[in-house]
Amino acid sequence: MERNRQYRMPEEFRQQRQLWEKQHARRGESSIEGTVLRFIPNDAAVILNKHLPPHATILEMGTANGRDARYWATQEHNVIALDFSITALKQLRTIATEQQVTENIHPIGWDIATGSLPISKPSIIDAFYARSALHVNDTTMMQLAEQIDYVLKPGGFVLIEGKTLQDKKINR
């Protein structure tokens, strides 16, 4: 069964990328949440922020239009913002420019389905953050975990928030 699953994964990843490109394009820069939530970070981002050292470097996987990345940037942290949606990253750049936090945000188009990270220097990030963005098989997750461990500073933080199978995003 796992062998067949591996053969289907690239197609599933392609479909996910297409789905999220459409979602982000439809939502636009203000997003489906509207302008009120546009500048309010998720609770998990606020919790992580309380534990970060000053001027921390955060690697965020699945940043979308960057609600959390932009929040950390306003707190004077540096964010390496990864997403496979080029549309979402364009929105992130636009909103970050409006908020004047572009110097602290480094967006990178990246697909975690590769099982790799776009950075390879050891011990350079203070925190790894993924909010419902790790939809990968076990093999890929283990590859990513090894790389996260490599780039994470000693004493660094990992915050991964998942979704239940009942979540609307999972069902899409």
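The expected span of a helix is taken as 1.5 Å times one less than its number of residues. In this predicted model, helix α5 comprises 14 residues, 86–99, and should therefore span 20 Å; the C-alpha atoms at its ends lie 20 Å apart, in agreement with that expectation. Buried positions in α5 are Ala-88, Leu-89, Gln-91, Leu-92, Ile-95 and Ala-96. These residues cover an arc of only 155 degrees around the axis, and they therefore fall on the same side of α5. An α-helix has 3.6 residues a turn, so residues three or four places apart point the same way. The exposed residues Lys-90 and Thr-97 are carried on the face of α5 turned away from its buried side. Gln-100 follows α5 and has a positive phi, near 60 degrees.

A right-handed β-α-β unit is formed by β4, helix α6 (residues 138–151) and β5. Strands β4 and β5 (residues 152–161) run parallel and are joined by six bridges. Arg-131 stands opposite Glu-161 in β5.

One aromatic pair is counted in the model. Its members are Trp-72 and Tyr-129, whose ring centres are 4.7 Å apart and whose planes meet at 90 degrees, so the pair is edge-to-face; planes over 60 degrees apart count as such.

Technical notes:
Residues numbered from 1 in each chain as written. Predicted model: local features only at pLDDT ≥ 70, side-chain atom pairs only at ≥ 80, totals over all residues. Heavy atoms only, no water. Phe/Tyr/Trp six-rings, centres within 6.5 Å; stacked < 30°, edge-to-face > 60°. Helix = DSSP H or I, 4+ residues; strand = E, 2+ residues; numbered from the N terminus. Buried < 20%, exposed > 50% of the residue type's maximum accessible area, 1.4 Å probe, protein only. Arc of directions from axis to C-beta. Pairing = 2+ DSSP bridges. Right-handed = clockwise from strand over helix to strand, strands pointing away.
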